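Q: Hi, could you walk me through a structure I have just opened? I would like to go slowly, one topic at a time.
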Amino acid sequence: MLSKKNSIISPCNFKGRVKNHAPTSTFSHHSSLHFQLSTLLSTLYTALFTLSTLATPSSPHPTPHTLHATPYTPHPTRHTLHATPYTLHPTRHTPYPCTAEEFFYIPSVSFSLLKTSLNSRARLGLLKTAHGEIPTPIFMPVGTAASVKGVSPRNLTELGAKIILANTYHLHLRPTTPIVAQMGGIHKFCSWDKPVLTDSGGFQVWSLKSLRKIKENGVEFRSHLDGSKHFFSPESVMQSQREIGADIIMAFDECTPYPSTKEEAEKSLAYTNRWTRTAFEYLAKNPPLHGYEQKFFGIVQGGMHPELRIQAIEKLKEINPDGYAIGGLSVGEPAETMYKMAEVCTEHLPQNYPRYVMGVGTPVNLLELISRGIDMFDCVMPTRNARNGMLFTSAGILHYKSARHKTEDIPVDSKCSCYTCKNFSRAYLRHLFCAGEILVLELASIHNLHFYLHLMETAREKIANENFEEWAREQISILQREI
Ligand SMILES: [Zn+2]
């Protein structure tokens, strides 16, 4: 449970952090230069935001990018062999595997930091990928096995999802990644033409515990499905992600358990550091298979040891990945510890790259982490909790299975504009659940995903209008209530 006293959104805590952060930040809170920059970026964002709201969510043509605050800088090391002319309109059916001439090039350094809040580290950004642009902060619905449970791609599009996540581990086991490749890559396979991010499988293999054995060059594990033996190396995981064809692919990491001593965390981090470099070097020699660029994100580990997190960031900076993920959070530590680790990381991460906290979390976690400068999130919570009977609403948490909703002829959330709330009552949802009707899984998932996506959309608006912190404080208090 969040302690308001310790919340980073509270002005007193924030003051201390800004002071420490100011000397290294381009966005110093004390200079007039900062004010001018902020005003300029704010104006640019407002113009961009106006443009983006005019586009329909399913528009195949991303917003024009002439307003981006940061200029395009070619990536220093990768993809130089494939620098075909830059276009924002990928074709979906590039031959597989493609040749260098067919390769669809999008510059690697393509995250634009549009604005940083004056009163917290909350940021607005825009991440360009081969399958569309992603405004940040963003929540990514989880489609573990190339399917967001209970929600069709058509519904995801209607919900305004900009990117979904899939798991290399699950796709490696079923249907196997060569089959995904043969089917034209993940976008064609699951009929989703917007961006996809794949997790490397590091976390899933780690969570197998008794079924895995860590070795110098990778992890040997047994499938949770049939006990068959498999081996993941940094190279094999990159190969799998090339076959899958996600727009953003993750380094192969070793998740540090919680709690861990500094020595244990250090040993674990050494694996991640080494494997990340191996993966990066492998990708430099092995370009994408499906004809468009795949962004490579490194993962910051280091347990709950700030000095190791900083060390991990410095190692990653040497590689210069397209984005920085923070792994090993939400693994059993108190929320305040998670926030502190995220804060340590955002103090040291470069400004002009996306930051992604993996596998987190509740709506409250998301708001707290946005205020600390995190841009991207994923979590099974909205869909899993929906299936288990828990819905997030603008008035607090609602358990739709409860008997008190038996005759309640009102929507789950009267302020919500999702398909479920516009058409069905709480009584009907409870009835579906009690009668074992699978429709309830879809309707509940639609509502919860809408809630998460709408929360992120509102957060972006509030950051743009310089009133994010006040709004977030109010939401954090509401979202912990049960109704
Ligand atoms: Zn709803």
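Q: To start, what is the mean pLDDT of the protein chain?
A: This is a predicted model, and the mean pLDDT of the protein chain is 85, with 78% of its residues reaching 70 or more.

Q: And where does pLDDT stay under 50?
A: Residues 1–35 are one such stretch, and for them the model has 37 contacts beyond four places in sequence. The pLDDT is also below 50 over residues 48–92, a stretch that has 63 contacts in the model beyond near neighbours in sequence.

Q: OK, new topic: what is the order of strands in the sheet with β1, β2 and β3?
A: The three strands form an open sheet in the order β1-β2-β3, and their pairing is antiparallel. The edge strands are β1 (111–116) and β3 (132–136), each of which pairs on one side only, while neighbouring strands are turned by 15 degrees against each other on average, if direction is ignored.

Q: How many bridges join β2 and β3?
A: Strand β2, which covers residues 123–129, pairs with β3 over five bridges in the antiparallel sense, and Thr 129 stands opposite Gly 132 in β3.

Q: Which helix packs on that sheet?
A: Helix α16 (residues 439–464) does, touching β1, β2 and β3, and its direction makes about 125 degrees with that of β2.

Q: What about the sheet with β7, β8 and β9, which strands stand at its edges?
A: This open sheet has three strands in the order β7-β8-β9, again with antiparallel pairing. At the edges stand β7 (212–215) and β9 (229–232), and because each has a single partner strand, one side of each is left without a neighbour in the sheet. From one strand to the next, the twist averages 15 degrees.

Q: Which residue of β8 is the bridge partner of Ile 214?
A: The partner is Val 219, and β7 pairs with strand β8 (residues 218–222) over four bridges in the antiparallel sense.

Q: Switching to helices, at what angle do α12 and α17 cross?
A: The axes of helix α12 (residues 363–371) and helix α17 (residues 468–479) cross at roughly 160 degrees and come within 9 Å. The two helices are therefore roughly antiparallel to each other, and α12 passes α17 in a left-handed crossing.

Q: Which residues make the contact there?
A: From α12 they are Pro 363, Val 364, Leu 367 and Ser 371, and from α17 they are Glu 469, Ala 472, Gln 475, Ile 476 and Leu 479. Sorted by class, the contact of α12 with α17 has six nonpolar, two polar and one charged residues.

Key:
Residues are numbered from 1 along each chain as its sequence is written. This is a predicted model: local features need pLDDT of at least 70, side-chain atom pairs count only at pLDDT 80 or more; totals for chains, interfaces and linings use all residues. Axes are lines fitted to C-alpha atoms, for helices over the stretch in contact, and angles run from 0 to 180 degrees between N-to-C directions. Angles under 35 degrees count as roughly parallel, over 145 as roughly antiparallel, 65 to 115 as roughly perpendicular and the rest as oblique. A crossing is left-handed if the near helix is turned anticlockwise from the far one by less than a right angle, and right-handed if clockwise. Two residues are in contact if their C-beta atoms, placed from the backbone, lie within 7 Å. Ala, Val, Leu, Ile, Met, Phe, Trp, Tyr, Cys and Pro count as nonpolar, Asp, Glu, Lys and Arg as charged, and the others, Gly among them, as polar. pLDDT is the predictor's confidence in each residue, from 0 to 100. Two strands pair if DSSP finds at least two bridges between them.
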